[in-house]
Amino acid sequence: MTLQYKFPEGFWWGSATSATQIEGAANEGGKGQNIWDYWYKTEPNRFFDNVGPESTSDFYHHYKEDIHLMKEIGHNTFRLSISWSRLIPGGRGEVNPEAVTFYNNVIDELLAKDIEPFVNLFHFDMPLELQNEGGWENREVVEAYKKYAEKCFRLFGDRVKKWFTFNEPIVPVEGGYLYDFHYPNVVDAKRAAQVAYHTIVAHAKAVEVFHSLDFIDGKIGIILNLTPSYPRSQNPADLRASRIADLFFNRSFLYPAVLGKYPQELVEILREHGQLPVTQKGDRELLLNNTADILGVNYYQPRRVKAKEHLPNPYSPFVPDWFFDHYEMPGRKMNKYRGWEIYEKGIYDIMMNLKENYGNIESFVSENGMGVQDEHRFIKDGEIQDDYRIEFIKEHLKWLHKAIEEGCNTKGYHLWSFMDNWSWMNAYKNRYGFVSMDVESKKRTLKKSAHWIKEVSKNNGF
Ligand code: BGP
């Protein structure tokens, strides 16, 4: 068979998930509470259809069946996250033996099926007790995280070779401290900056510990959601707006995680507006000496911006949007269900940027996907005919292929997500999986895209 898009030998085919979104068993197996368990209990009506994280996809009890399906559809890699509050209830102290057994079982089952586990340590799920101490605003929580990370490396590092410190660390900053879609629902840029800063310090500390353990021979990195920023026009005001959006939403994490320092322009803007976080002596060296070995790129949509039409009210709370307005490009392609623009070339632009400005760091697409509402409308002969998802993946893969041909150090593609899952405030509103999951019965059924990806993975291209 002649393949038009052939990927390099050993390309990582797989999908991504996170503990809170798939495990369920939120009150089982000795797990402690995290902010999602708590927020849902206190404000259930903020969640789509009032559905919370108690049972989700019940991976906790179905992991064998799920890993079997992963194998069935050609995965050679799979991303999961460890739930901090499951492994160490309360966030500090003794590990929970039932959690150790569970994660050992999952890792061993994956390896038995020749699926390499990619393990992420933090996916939005702060243990409640630590949030009550201030969460990432509190420097002591950074120390607790470092201990948790070390525990994970010691428990599972003999078998897990790809580690990630955080998934989308900017999201709890935006959601929790700027735009009200994560607990603790605060709007305060200075606190947001502190949270962002402490997250990066925590990342660097975990990298430092990881590299100090001589029995470890894997790699450690971070997963960032990158939204390439495109200006409305080439006029200087639009260009500046786009540059600042990029500064806040991409370079704020890319720079320190990959280059080990903050962009000077960001520091200056925050200083000018009185928003600089508190730092400690030695942090600068810590960041510089502990950059990521590998970068996961989550890409869903670009960010299109234009110059601000009205000056912000200087008495309103400072937010990054003071510097730009969002711009809806005429004729843009949309995922109308999720309300996100589809721009496949964005993946290529991200990878070329990593090649040119970030030392061509080893990377992979760690999330990309299409959330669709009421997918049962597309069932035919018992199977969801998600041709739109196949098209979506294919078009992104074409651009990824081009990036690789042009020398980008890109090693794989993970769909968000393996199966339909509980998605924070959106609960089950948008379905993302290769595998559909009946919320009531928890029955798993392959979608058309699952059969398609099986062929693509087998042939290493299409
Ligand atoms: C990413 C997160 C995932 C997942 C995905 C889809 O930002 O890493 O956890 O939620 O987005 O998001 P949504 O369900 O909001 O469409």
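# Exercises on loops, helices and an annotated glutamate

Ser417 lies in the loop between E15 and strand E16 (435–437); helices (H or I, at least four residues) and strands (E, at least two) are DSSP runs, numbered from the N terminus. The model is predicted: local features need pLDDT of at least 70, side-chain atom pairs count only at pLDDT 80 or more, and totals for chains, interfaces and linings use all residues. Residues are numbered from 1 along each chain as its sequence is written.

**Exercise 1.** Determine which peptide bond involving Ser417 is cis, and what omega it has.

*Solution.* Step 1: the bond in question joins Trp416 and Ser417, and its omega is about 15°. Step 2: another cis bond runs from Tyr183 to Pro184, with omega near 10°. Step 3: Pro184 is placed in the loop between helix H8 (170–177) and helix H9 (189–212). As background, most peptide bonds are trans.

**Exercise 2.** Describe the surroundings of Glu367 and explain why it counts as buried.

*Solution.* Step 1: an unreviewed UniProt entry annotates Glu367 as "active site"; UniProt positions follow the numbering used here, feature names are shortened, and annotations may be inferred rather than shown by experiment. Step 2: Glu367 belongs to strand E12 (residues 362–367). Step 3: Glu367 is buried because 24 C-beta neighbours lie inside 10 Å. Step 4: neighbours within four places in sequence being left aside, Glu367 is in contact (C-beta atoms, placed from the backbone, within 7 Å) with Ala16, Asn298, His414 and Trp416.

**Exercise 3.** Find the buried residues of helix H13 and the elements against which they pack.

*Solution.* Step 1: H13 covers residues 345–357 and has 13 residues. Step 2: from first C-alpha to last, H13 reaches 18 Å, close to the 18 Å expected at 1.5 Å a residue; the expected span is 1.5 Å times one less than the number of residues. Step 3: the buried residues are Gly346, Ile347, Tyr348, Ile350, Met351 and Leu354. Step 4: these residues pack against strand E7 (294–298), E12, helix H14 (387–405) and strand E15 (410–416). Step 5: just after H13, Gly359 adopts a positive phi of about 60°.

**Exercise 4.** Identify the buried residues of helix H2 (residues 35–42) and their packing partners.

*Solution.* Step 1: Ile35, Trp36, Asp37, Trp39 and Tyr40 are buried in H2. Step 2: the partners of these buried residues are helix H1 (19–22) and helix H6 (128–132).

**Exercise 5.** State which residues of H14 and H15 meet.

*Solution.* Asp387, Arg389 and Ile390 of H14 meet Lys448, Ser449 and Trp452 of H15.

Key
A residue is buried if 20 or more other C-beta atoms lie within 10 Å of its own, exposed if 12 or fewer, and partly exposed in between; C-beta atoms are placed from the backbone. Two residues are in contact if their C-beta atoms, placed from the backbone, lie within 7 Å.
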